[in-house]
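Please have a look at the structure on the screen while I talk you through it.

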Amino acid sequence: MTIAEGSRDADELRTGLARWLTESRGTEVTVGPLARPDAGLSTDTLFVDAGFASGEEELVVRLPPLGGGLFPEYRFEDQAKVQQLLAGSPVPVAHPVEYVADTGWLGAPFMVMPKVPGRVLLANPSFVSRSWLKDAPESEQARLFDGFLAVLADLHRLDPEPFAFLGDGRSVADHLDRARAYLAWASDDVPPPSFMEEALHWCASHLPQREPERSVLWGDVQLVNAVFDDDLRVAAVLDWEMASLGPAELDVGWFFALHDMTVARVGGDLAGFPTRLEALGRYERLLGRTLDELRWYEAFALLRSGSIMVRMARLLARRGVDAGWLTTRNPVAAALDRVLG
């Protein structure tokens with residue numbers, strides 16, 4: 001599902017997709033009923049069974065949300081480039097991926113890629129409280145977590161130069177400026193909650209003095225944004241719409257901040273997961289350096305996450321849904337209290 005102001009006609013999407021597949025593949029292609037995943041909020045994502053002469057193929061199609069979404073722009077071309085560059089690297093992604101700029105097929109630019117088989121985790125209800133992973137032995141929980149950290153470190157060790165189109169030389173100050181601009185846009189001419197303004201002021205006043213080396217950043221580092229195979233290895237890293245360049249601390253701060261917020265909400269972590277200090281130590285060994293001023297990066301992650309929730313509230317309000325809790329009782333407020341003390 002998406003939090004958007006409108007929805008597209010499924011029959012028109014099927015017809016347009018069948019026409020595009022037939023032309024691009026050079027053979028007649030049929031498209032079965034479209035399905036939308038339970039997870040995912042920001043992009044209009046479709047699961048498609050495409051029928052070829054050689055058999056069926058499961059595809060994933062991603063379009064920008066109709067009428068406005070969580071982000072001012074959806075850089076599908078950049079997302080596709082990221083996945084194309086990562087194909088064959090230690091970071092598994094869905095491939096091959098195609099970007100189609102022509103809006104004549106589906107009414108908007110779109111991406112097409114194979115659906116990666118495997119299992120996923122859900123944010124709602126949280127996998128920490130109810131999931132196949134919660135029911136798994138602690139040793140398997142630990143193995144999944146360690147493998148996830150290893151893939152993240154593999155990403156952060158890649159040469160960032162081929163990914164310069166994401167923002168060559170982007171500094172921490174640049175990221176803060178972008179976050180400030182996003183909050184202003186997300187607020188939609190309504191003053192943001194006071195705790196968000198306070199968090200923005202704190203981040204600006206405590207900007208890290210040292211600029212760590214830059215890495216390729218996933219942007220939305222969460223266990224729910226990965227596919228896992230039967231051996232609990234990462235089969236694919238998903239959702240590259242927030243990809244950028246910058247310190248690895250930005251990704252790690254996001255991961256810890258959002259995971260800790262979930263754990264606080266449900267009242268405890270999975271027994272097989274390492275403690276925070278253990279996880280941080282393992283990741284630093286994999287990365288090959290220590291992380292700087294992680295408290296700042298976690299506060300910054302909460303600022304960004306809270307800003308997205310503000311945007312969600314504004315979109316829901318346009319649809320007549322009362323989502324005041326996303327601003328007046330935003331869970332980020334309590335998390336910021338814990339991080340900033």
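This is a predicted model: local features need pLDDT of at least 70, side-chain atom pairs count only at pLDDT 80 or more; totals for chains, interfaces and linings use all residues.

Residues are numbered from 1 along each chain as its sequence is written, and side-chain values use heavy atoms, with hydrogens and water left out.

Let us start with the overall picture. The chain has ten helices and nine strands, where helices (H or I, at least four residues) and strands (E, at least two) are DSSP runs numbered from the N terminus. Its radius of gyration is 20 Å, close to the 20 Å that the globule rule gives for 341 residues, so the chain is as compact as a globular protein of that length; the radius is taken over C-alpha atoms, and the rule is 2.2 Å times the number of residues to the power 0.38. Along the principal axes, the C-alpha atoms fill a box of roughly 60 × 45 × 40 Å.

How much of the chain is buried? Of the 341 residues, 53% count as buried, and here buried means under 20% relative accessible area, exposed means over 50%, and partly exposed is in between, with a 1.4 Å probe and protein chains only. The accessible surface comes to about 15,400 Å², and 50% of that belongs to carbon and sulfur atoms; these areas come from the Shrake-Rupley method with a 1.4 Å probe, and for residues only the protein chains shown count as cover. If we take the contacts with a separation of 6 or more, 72% of them are between residues 24 or more positions apart, a contact being heavy atoms within 4.5 Å.

Now to the charged side chains. Side chains of opposite charge can pair when their charged atoms come close. The structure holds 16 salt bridges, each defined as a side-chain nitrogen of Lys or Arg within 4 Å of a carboxyl oxygen of Asp or Glu.

One of them joins Arg8 and Asp44, at 3.0 Å from N to O. Arg8 lies in the segment before helix H1 (10-25) and Asp44 in strand E2 (residues 44-52), so this pair ties together parts that are 36 residues apart in sequence. Both of these residues are buried, and together with Arg36 they are linked in a network of salt bridges.

Please stay with strand E2 for a moment, where we also find Thr45, which counts as buried at 14% relative accessibility. Leaving aside residues up to four places away in sequence, Thr45 touches Ala35, Arg36, Pro37, Val60, Val61 and Arg62.

A second salt bridge, between Arg180 and Asp177, has its closest N and O atoms 2.9 Å apart, and both residues lie in helix H4 (residues 172-187), three residues apart, or about one turn of the helix. Arg180 is partly exposed at 35% relative accessibility, and Asp177 is partly exposed at 44%.

Helix H4 also contains Ala184, which counts as exposed at 55% relative accessibility. Ala184 and Ser307 are 123 residues apart in sequence, and their C-alpha atoms are 8.8 Å apart in space.

For another salt bridge, look at Arg276 and Asp260, which meet at 2.9 Å, N to O. This pair links distant parts of the chain, with Arg276 in helix H7 (residues 276-287) and Asp260 in helix H6 (residues 248-266), 16 residues apart.

Finally, let us turn to the backbone. Which peptide bond has omega at about 0°? That is the cis bond joining His95 and Pro96, and Pro96 lies in the loop between helix H2 (76-86) and strand E4 (98-100). The bond from Asn124 to Pro125 is cis as well, with omega near -5°, and Pro125 sits in the loop between strand E5 (110-114) and helix H3 (138-156).

Asp239, in the loop between strand E8 (234-237) and strand E9 (244-247), has a positive phi near 60°, although it is a residue other than glycine. Glu293 is not a glycine either, and its phi is positive at about 45°; Glu293 lies in the loop between H7 and helix H8 (294-318) and is partly exposed, with a relative accessible area of 39%.
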